[in-house]
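Morning, everyone. I have one structure for you today, and I will keep this brief. Let me put it on the screen.

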Amino acid sequence: MKASAETADLMLKRDQAAHLSALAEARKQEESLMKALGVEKECISSVAADSMLADAHEMVRDALRKLLDSEAKLYAAEASRFHRAAERKLREVEAREADLSRHMTAFKTE
């Protein structure tokens, strides 16, 4: 009976050792999975950040396009204003020239 008790005790200790070994292996696997999950989360964050950065670059490009369009419109409006002012001055000069020409003709006829 003593031998069977010792055998049972040895089997219990062997089972406990196997259980501890399996538990240690499970903990290692858990740590490995947690690390893998962390890496995966970092990758997802990196992809999200890259996407946000790409969106930001697109917004900057759109803003620059709008700025260039508005500057072009501003320059066109200024050019049009200067053109109208130049035409007005030209008409004034032509009117003065015609007036002077009439005065010269009147002076010559006197």
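First, a term: a residue is buried under 20% relative accessible area, exposed over 50%, and partly exposed in between. Bear in mind that this is a predicted model.

Take L67. Its relative accessibility is 43%, so L67 counts as partly exposed. L67 sits in helix α1. It also belongs to a surface patch: V60, L64 and L67 make a nonpolar area of about 260 Å².

Now E87. This one is in helix α1 too, which covers residues 2-109. At 34% relative accessible area, E87 is partly exposed.

How far apart in space are E87 and A22? The C-alpha to C-alpha distance is 96 Å, for a separation of 65 residues in sequence.

Next, the whole protein. The count is one helix and zero strands. The radius of gyration is 47 Å, well over the 13 Å from the globule rule for 110 residues, so the protein is more spread out than a compact globule. Along the principal axes, the C-alpha atoms fill a box of roughly 160 × 10 × 5 Å.

What share of the residues counts as buried? The figure is 0% of 110 residues.

The protein exposes about 10300 Å². Carbon and sulfur atoms supply 63% of that area.

Last, charges. There are 19 positive and 21 negative side chains. The centres of the two sets lie 3 Å apart.

That is my tour. Over to you.

Key. Residues are numbered from 1 along each chain as its sequence is written. This is a predicted model: local features need pLDDT of at least 70, side-chain atom pairs count only at pLDDT 80 or more; totals for chains, interfaces and linings use all residues. Side-chain values use heavy atoms; hydrogens and water are left out. Helices (H or I, at least four residues) and strands (E, at least two) are DSSP runs, numbered from the N terminus. Buried means under 20% relative accessible area, exposed over 50%, partly exposed in between (1.4 Å probe, protein chains only). Patches are made of residues with over 30% relative accessible area and no salt bridge: like charges are joined within 9 Å, nonpolar side chains (Val, Leu, Ile, Met, Phe, Trp, Tyr) within 5 Å. Accessible areas come from the Shrake-Rupley method with a 1.4 Å probe; for residues, only the protein chains shown count as cover. A salt bridge is a side-chain nitrogen of Lys or Arg within 4 Å of a carboxyl oxygen of Asp or Glu. The radius of gyration is taken over C-alpha atoms; the globule rule is 2.2 Å times the number of residues to the power 0.38. Lys and Arg count as positive and Asp and Glu as negative; His and the chain ends are not counted. The place of a charge is taken as NZ of Lys, CZ of Arg, CG of Asp or CD of Glu.
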